[in-house]
Amino acid sequence: MFDSLQEKLTKTLRNVQGKGKLSERNMEETLKEIRIALLESDVNYKVVKDFLEKVRQESIGQDVLNAVEPGQLLVKIVHDEIISLLGDESAELNFKENDLTSIMIVGLQGTGKTTQAAKLANFLKKKGRKPIMIAADIIRPAAIEQLETLGKQIDVEVFSMGVDVPVLKQVEEGIRYGKEKGYDTALIDTAGRLQIDEELMNELKQIKDLIHPDEILLTVDAMTGQDIVNVANAFHELLDVTGLILTKFDGDSKGGAALSVKAVTGVPIKFTGTGEKISDLEMFYPDRLAQRILGMGDVVSFVEKAQEEMDMKKAEETAGRLMDGKFTMDDLLNSIEQSRKLGPLSSIMRMMPGMSEMANAINDSDADNELRKIKAIIQSMTPAEREDPSIMRSSHKRRIAKGSGTRVEDVNKLCNQYDKMKKLFKNMSSMKSMFGL
Ligand SMILES: Nc1nc2c(ncn2[C@@H]2O[C@H](COP(=O)(O)OP(=O)(O)OP(=O)(O)O)[C@@H](O)[C@H]2O)c(=O)[nH]1
Ligand SMILES: [Mg+2]
């Protein structure tokens, strides 16, 4: 799984990685190759489109073309976007406290429901829980025996009333029995169905309405290809699925469809089935899979570290200059950019004592616009003007306003703010030297 995707992505990104500079053309070519790699691996076309748009936006935002290591930064951006495609963080099961947690397992025929029910029971048992399995498949001959055989292997009780009692009744009794016997988790193995089979789909809805399960896990076969997305959508529409189990993850399919299913349905992937054995179940970690698909963990951690160091260095430099009573427009720009990385202005202010009221009054999109304006103005200044804004005459200010798409009043306003801040810092540093700090 993912072999060809990994090979293609890695090759494309290695190509740009060594480049000291990236041109817009290189960048476009790289994005095109990524697009082809994703589509050829069966990733849903809409998902591919969104994915590339996000990579593009992020690359503009982080100014990839002018970065010190453009190729490596691009690798990092692609890596992060794959993680966000897969779900950002691992999603845990929801358990009830002091009551029986019920987990319904649903899915198309042969996707691995019964096997994953046993795998999950085994997984939970190892975590110290007390699971029971309820057989709710009375349609396929031998389905009950299959579950019972698996139950014996892992020493987990299976509740069943045979094939002649209606399913709803069995589930209701099973839950009652589970509570009575002091089990803490019930895994309900439902019958396999073809999506078109309305009657069977309705049965699932009835079970849901009867017991209000804490989790409804949908097994999707990673080998299925594109259709997996439609299937998942159909189940989710009817049942509000709470998690996905991607089964047959050990297979040699291209894997792209499995990558798309979270992005399309919004349902988190909770587990992967990685083989036929009971122990072949893994919790799903988006970052680990992203690492596997990209195979470039070294580059990613390098960029992360470099970014951190760069931020630290800039902050130190700015602080040093402030202490010396020097403060340029570049410092102002730096500190704006640093603080923007922390998040929206209002949330930063909320963290400061006594600022919460003011934070509430801030409209983040206004604040964002204001900051963007300030940035544009400073960037339209010459280096000399940034170093010492007092040299600016009216004609300079008109030029800057024009260059930044703002008004002369805006430029003047910024200069006033700058003067105030500079004075403040000067006072601070003279106070420091007065006290011998
Ligand atoms: N390779 C691989 N095989 C799996 C995995 N999970 C299940 N299987 C196999 O897939 C086949 C079907 O599994 P079941 O658990 O019976 O599937 P089901 O969804 O319960 O099937 P029905 O009840 O008939 O709808 C079995 O041969 C399993 O051994 C997996 O993660 N990897
Ligand atoms: Mg089954």
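The expected span of a helix is 1.5 Å times one less than its number of residues. I kept that rule at hand for my first entry.

**Ground rules.** I am reading a predicted model, where local features need pLDDT of at least 70 and side-chain atom pairs count only at pLDDT 80 or more, while totals for chains, interfaces and linings use all residues. Residues are numbered from 1 along each chain as its sequence is written, chains are lettered from A and ligands numbered from 1 in the order written, and side-chain values use heavy atoms, with hydrogens and water left out.

**Helix H7.** I looked up the length of helix H7 (residues 167-180): its 14 residues should span 20 Å at 1.5 Å a residue, and the end C-alpha atoms agree, being 20 Å apart. Helices (H or I, at least four residues) and strands (E, at least two) are DSSP runs, numbered from the N terminus. Next I noted which H7 residues are buried; among them are Val167, Val171 and Ile175. Buried means under 20% relative accessible area, with a 1.4 Å probe and protein chains only. Their cover includes strands S1, S2 (131-136), S3 (158-159) and S4 (185-190), and helix H8 (198-211). Just after H7, I found glycine 182 with a positive phi of about 80 degrees.

**Threonine 101.** This residue lies in strand S1 (residues 101-107). I count threonine 101 as buried because its relative accessibility is 0%. Beyond neighbours within four places in sequence, its contacts (heavy atoms within 4.5 Å) include Asn94, Arg129, Asp184 and Asp214.

**Aromatic pairs.** How many aromatic pairs does a search of the whole structure find? I got two. Rings of Phe, Tyr and Trp (its six-membered ring) pair if their centres lie within 6.5 Å; planes under 30 degrees apart count as stacked, over 60 as edge-to-face and the rest as tilted. Phenylalanine 123 and phenylalanine 271 have ring centres 5.3 Å apart and planes at 85 degrees, so I logged the pair as edge-to-face. This pair links distant parts of the chain, with phenylalanine 123 in helix H5 (residues 113-126) and phenylalanine 271 in strand S7 (residues 269-273), 148 residues apart. Both phenylalanine 123 and phenylalanine 271 are buried. Phenylalanine 159 and tyrosine 177 make a tilted pair, 5.4 Å centre to centre with 40 degrees between the planes. Since phenylalanine 159 lies in strand S3 and tyrosine 177 in helix H7, that pair ties together parts 18 residues apart in sequence. Phenylalanine 159 counts as buried, at 13% relative accessibility.

Note on methods
Buried < 20%, exposed > 50% of the residue type's maximum accessible area, 1.4 Å probe, protein only.
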